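Hi everyone, thanks for making time. Let me put a structure up on the screen, and then we can walk through a few places in it together.

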Amino acid sequence: MTKNTLTSKYSGFGRSLLGSIVLGAALSMSIAGQSWADDKELTQADIPALKSAYYLADLESDLHRYETSMLIITNVTNRDDFLVNRDELWASREELSYAINSLVNNPYAPEAGNIKEITDTLSELLIKCEEYANMQNELIARKLKIDDQVADLKSIFNDINHAQNLIAHRHLTPEQLETFNKVKDAASMLETMMKSYFESSFSSNDMQVFTQQMQNSYNAFETLVDSALPAFPEYDASSKKLKKYYDNMFKERGPGTMYFNYLQQKDGQTQVEVYFFKTVHDIYKKINKISARYKASLRL
């Protein structure tokens, strides 16, 4: 068991104990007639506010940890790193949940209504973030499959380029050279477009336009290479591989469809990220306002 695991496991108990010590000390000093603050002696009536102030500070600290975990997980693309950081996200969620419950179990404190708004928002946010993390896990796994498909595509174009190198070393007639250059240019354009497709982040409409352009580019290459095969049989094997790949490109489980769906779901994840960080920022501001009123009331 690592140090972080131990800290996560026992920190809730430790904070509860520390809170009890702090509150107990404050109350003892008040009952003994000693002023904990300069201008005001604390009484038993101040206990709900003291507890709430303490737990609110605890909540803010745990929220910072959770926010940091979310920030890291939104930028991780390696699966192993993701799983490690997801564990940290789950651990920080447990800490934050403990702080939320501590505030919820102190319903008679001043500012209880305002605090309830914060805890309700955070409880909903934790559910949304759990869904986000699970989807992020799926997207990373899906992206790995897409990357494998892209590697296959690069391999096919490597075969095409190898065929072109073989042809280039042959003695070609002027007519053959003209045909060869047309096929070579068409292959180069198609390779660029197909690789660009898997590196894009187009909107749905832009993606449709680009897909049609890529289809036109493929049709041009296929027509040229089919007519050139009698003169250049070196293209035969690689062009058949490309045809099989492209025919599967936009089928239900094809690489093109997989990538398009991936982009759409990734866009949904981005919307969750924007909502999360804006909501957390707003919560910090609410916490600071409530904490300032507690300090003024308790003269802390």
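This is a predicted model: local features need pLDDT of at least 70, side-chain atom pairs count only at pLDDT 80 or more; totals for chains, interfaces and linings use all residues.

Residues are numbered from 1 along each chain as its sequence is written, and side-chain values use heavy atoms, leaving out hydrogens and water.

So, the helices, which are DSSP runs of H or I with at least four residues, numbered from the N terminus. The axes of α2 (residues 47-73) and α8 (residues 255-298) come within 10 Å and cross at roughly 160°. Those axes are lines fitted to C-alpha atoms over the stretch in contact, with angles from 0 to 180 degrees between N-to-C directions. α2 and α8 are therefore roughly antiparallel, a label for angles over 145 degrees.

Now look at the loop between α3 (79-104) and α4 (112-168), where you'll find Glu-111. Its phi is near 70°, a positive value in a residue other than glycine. In general, most residues other than glycine have a negative phi.

Last stop: is Tyr-246 buried or exposed? Tyr-246 sits in helix α7 (residues 236-248), and at 5% relative accessibility it counts as buried, meaning under 20% relative accessible area with a 1.4 Å probe, protein chains only. Beyond its neighbours within four places in sequence, Tyr-246 contacts Met-194, Thr-211, Met-214, Gln-215 and Tyr-218, with contact meaning heavy atoms within 4.5 Å.

Definitions and conventions:
Helices (H or I, at least four residues) and strands (E, at least two) are DSSP runs, numbered from the N terminus. Buried means under 20% relative accessible area, exposed over 50%, partly exposed in between (1.4 Å probe, protein chains only). Angles under 35 degrees count as roughly parallel, over 145 as roughly antiparallel, 65 to 115 as roughly perpendicular and the rest as oblique.
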